[in-house]
Amino acid sequence: MEKNKRKNFDNVVSFIPTGEFYYQKALKELQREHYDKAYKYLQRAKELTPDDPLILMHYGVVLMERQEFELAMDELRTAHKLDPEEPNILFFLAEVHAHLGLFFDARKYAKAYLEKDTRGSYAAEAMEIIDFAEQEDWQLFDDEGEAHNSEYYYLQEKARRLMEQGKFPEAIQLLEEVIEEKSDFWGAYNNLALAYFYVGETEMAKSLLHEVLRRNTGNLHALCNLAVFHYYEKNDELDDILGLLKKIQPYVFEHRYKLGATFALVGKYKEAYRWLKSLQKRGFDGDPAFYFWLSHAAYHSGHEETAKYAWEQLKRMDPAKEGYEPWGEQPVMPHVDALEHDRDFLIHKLDHSHLSERIYGLYLLGKSSHKQEIISHPNWLKSEQPSVLETYMLGYALGHPFRESVKEEKAFLRAMETAERLYYQKGMVDRENDAIFQLWFVLSEQAFDAQYAFRNPAALAAAVSYMVESTEKRETTKKAVAAKFGTSAATMAKYVDELSGFLPNFKD
């Protein structure tokens, strides 16, 4: 019996799959147009046989089907180096360059393919690429007006992918080498500036952009990048650059996209919407970033339908964005007149030198559609020595719990209940009731400092409303104002007297 077992084992043939084995399986899946399966087989084939040009060529083709054009270019370039004479590699190089808008090189590779194989399987497609490229002469230049050079463009895109992977030192080294060889390649300068900015070398980053602007006046990408840098650093120069960008009227799609995305990032949503929407109207087939910024710009400028449409498009491309809509916790579009949704108004308050203005801003922050954006900004909400009241206000804006058993926290919550009663009257803060809130937070600062208990929020809300309305000569009575807040005129008058003590110059 033991002898028979050995005989059976002797008949077993060891099977170790090769790259060719997986390559053939991939070709069968490609014939069936099963690209996902072909992708997996070609990945394995490449691992086992990394120097086979046909494997790399077909892998590049599948990557193109997956819309991963930069990666496809990597594989096809490697395949071409391994076999410069293979006509089909030349054709697919032409195709990938056309997809990336590099029509000069697309035409070059298409012509090279036809010279190798005039009657080849892809001859008709190669002629189409040549015809299209020659009709689009203006597109033989990149989005910064530079004639495309395949090698430099390839290296720049490689550096950009390194940046996306967080490999900034490698990207910096590669871009510096590109600039050393081609000193007027402005796209490489702009990407190098971004890389330096991401690693904290902000002065070097800005210096590079200023060099671009000195040597290539009006370079849109440099201006936009400079605006972003000043935005993150909260520099006054931002206003000057934005003023200049608002005057620019670009025609090229890439310029409109860059301008729109920059305006959206720095919170100038009306301007952002104008440019991004103009692309959509002209049939621009955007990428995920385009729909992300279009949705944000539309939402914050009051275009609900466009905002929701753009977000649906984004989710189709990137399902992971589900739950991160710009409206976040606010399913209803914000009222266009609400100051809490006016980003510039809000930031002005948060940056104010007076404490009462800052706590007013923090209160509005809790109700703002810009809350997440502002909280995540690296420089906003930073204070070297925040007061107790500021700390409480930020916690309140973020929904942190408070303890009524602590005297100061209980008083603070009553002050906030007063603010909420004022807010409830309109459901927002606008220009008409802004003065009431302004006064309330001035009073709150002084009263909290004096350890005031804020015992009757309804009467306090009525009192501060009456103080403003009577000063503005509005046609109102104590009884009417008190009734609006569910208190009596006598009780309200008592609290007017108490609050007046925190404003010595106030005259009833």
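Is Glu-33 buried or exposed? I opened my notebook with that one. Glu-33 is exposed, with a relative accessible area of 56%. The cut-off for exposed is over 50%, so Glu-33 passes. I keep in mind that this is a predicted model.

**Entry 1: two loop residues**

I looked up the backbone of Glu-33 next. Its phi is positive, about 60°, although Glu-33 is not a glycine. I placed Glu-33 in the loop between α2 (19–31) and α3 (35–48).

Then I turned to Gln-451. Phi of Gln-451 is near 60°, a positive value in a residue that is not glycine. Gln-451 sits in the loop between α24 (434–449) and α25 (457–471). Gln-451 is exposed, and its relative accessible area is 59%.

**Entry 2: confidence**

I asked how the scores look along the chain. The average pLDDT of the chain is 84. I noted that 88% of the residues score at least 70. Residues 1–9 have a pLDDT below 50. Beyond near neighbours in sequence, this stretch has 0 contacts in the model. Residues 136–147 also stay under 50. For residues 136–147, the model has 30 contacts beyond four places in sequence.

**Entry 3: α5 and α6**

I wanted to see how two helices pack. Two packed helices are described by the angle between their axes and the distance between the axes. I took helix α5 (residues 69–82) and helix α6 (residues 87–99). They pack at an angle of about 155°, and their axes are 10 Å apart. Angles over 145 degrees count as roughly antiparallel, so α5 is roughly antiparallel to α6. The contact uses residues of α5 including Phe-69, Leu-76 and His-80. On α6, the residues in the contact include Ile-89, Phe-92 and His-99. I recorded the crossing of α5 and α6 as left-handed.

**Entry 4: α24 and α25**

I went back to the helices on either side of the Gln-451 loop, α24 and α25. Their axes come within 9 Å and cross at roughly 120°. That makes α24 oblique to α25. The crossing of α24 and α25 is right-handed. Which residues of α24 meet α25? I found Ala-435, Ile-436, Leu-439, Trp-440 and Leu-443. Among their partners in α25 are Leu-460, Val-464 and Met-467.

**Entry 5: helix α15**

I followed α15 (residues 253–265) from end to end. Helix α15 has 13 residues and reaches 18 Å from its first C-alpha to its last. That is close to the 18 Å expected at 1.5 Å a residue. I listed buried residues of α15, among them Arg-256, Tyr-257, Leu-259 and Phe-263. What do the buried residues of α15 pack against? I saw α13 (220–233), α14 (237–247), α16 (269–281) and α17 (288–300). Gly-267 follows α15, and the phi of Gly-267 is positive, near 85°.

**Entry 6: His-58**

My last stop was a histidine. His-58 lies in helix α4 (residues 53–65). Is His-58 buried or exposed? His-58 counts as buried, because its relative accessibility is 18% and the cut-off for buried is under 20%. I then looked for its contacts, not counting residues up to four places away in sequence. His-58 touches Tyr-23, Leu-27, Leu-30 and Leu-42.

Definitions and conventions: Residues are numbered from 1 along each chain as its sequence is written. This is a predicted model: local features need pLDDT of at least 70, side-chain atom pairs count only at pLDDT 80 or more; totals for chains, interfaces and linings use all residues. Side-chain values use heavy atoms; hydrogens and water are left out. Helices (H or I, at least four residues) and strands (E, at least two) are DSSP runs, numbered from the N terminus. The expected span of a helix is 1.5 Å times one less than its number of residues. Buried means under 20% relative accessible area, exposed over 50%, partly exposed in between (1.4 Å probe, protein chains only). Contact means heavy atoms within 4.5 Å. pLDDT is the predictor's confidence in each residue, from 0 to 100. Axes are lines fitted to C-alpha atoms, for helices over the stretch in contact, and angles run from 0 to 180 degrees between N-to-C directions. Angles under 35 degrees count as roughly parallel, over 145 as roughly antiparallel, 65 to 115 as roughly perpendicular and the rest as oblique. A crossing is left-handed if the near helix is turned anticlockwise from the far one by less than a right angle, and right-handed if clockwise.
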